[in-house]
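Hi everyone, thanks for coming.

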Amino acid sequence: MAISVDTTYKTVLSILNKESRGFLTPDEFNKVAAQVQLDILEKNFYDYNRAVVKSNLNRYVSEYGDIPSNIKEKIDVLAKEASLNISNGVAPAPSDLYKIININTANRTINLEEISKSELSYVNSSKLTAPTASFPVYYKEANNVKIFPSSISSAIIDYIKTPTEPVWGGVTDSYGAITYAAGSSTDFDLHISDRVQLIIGILKYAGVVISDPQIIQAASAEANSQVQLENL
């Protein structure tokens, strides 16, 4: 379930107006919201890594207390799969690729091992480690995925996509009032549980846009309290 861009914008405006802190225009909101959405996605990856480490130390319980699984669920909202069109061992990466989860052969029977470009010469230096159809490898370079051996002609990539930028779109009437237009708007590509962090993040940036340090301080204090709860 996506987070409504209209509800989020109205909530932010309500908080700003309640404190008489100024106004955030739709264009300013859209730019800030896009950045905050990316911030939250990157934080989710960091939190997942930290939660897995803690879980391995038996610091979490199962079911609703399984923090790694809960965070993974938030990230998986952006999970996609696509076929790779491979030519001579090179395949263009999906245009919306943010982070690769894994790559499999087309029939999903063999998982390709990820290596760094610098490791390729080492891997190729021995017949025991050289890539084969049974033990293929890959690395990402710029907008391409390099796959070895080059005899592999097709593969499937599972990945996290780059979030679609949120847009609060509106129409202006003859009196200059702007009304929300769903047809020209785009909701957030985030899990509903990220709504609180989203609003806090937008308020922090809003304080910079309208030059009000008190908004930044208040939003930062709330964000810090959220972090402290997570670290308990």
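Let me start with a term: a residue is buried under 20% relative accessible area, exposed over 50%, and partly exposed in between, using a 1.4 Å probe and protein chains only. By that scale Phe148 is partly exposed, at 23%, while Tyr139 counts as buried at 6%.

Quick housekeeping. This is a predicted model, where local features need pLDDT of at least 70, side-chain atom pairs count only at pLDDT 80 or more, and totals for chains, interfaces and linings use all residues. Residues are numbered from 1 along each chain as its sequence is written, and side-chain values use heavy atoms, with hydrogens and water left out.

Now, how many aromatic pairs does a search of the whole structure find? Six. Rings of Phe, Tyr and Trp (its six-membered ring) pair if their centres lie within 6.5 Å; planes under 30 degrees apart count as stacked, over 60 as edge-to-face, and the rest as tilted.

One of them is Tyr9 with Phe29, a tilted pair with 4.6 Å between centres and 40 degrees between planes. Tyr9 sits in helix 1 (residues 5–18) and Phe29 in helix 2 (residues 26–56), so this pair ties together parts 20 residues apart in sequence. Helices here are DSSP runs of H or I, at least four residues, numbered from the N terminus. Tyr9 is buried at 3%, and Phe29 is buried too, at 0%.

Back to Tyr139 and Phe148: they make a stacked pair, 5.9 Å centre to centre, with 25 degrees between planes.

Tyr9 and Phe29 also belong to one aromatic cluster with Trp168, Tyr180 and Phe188.

Notes:
Helices (H or I, at least four residues) and strands (E, at least two) are DSSP runs, numbered from the N terminus.
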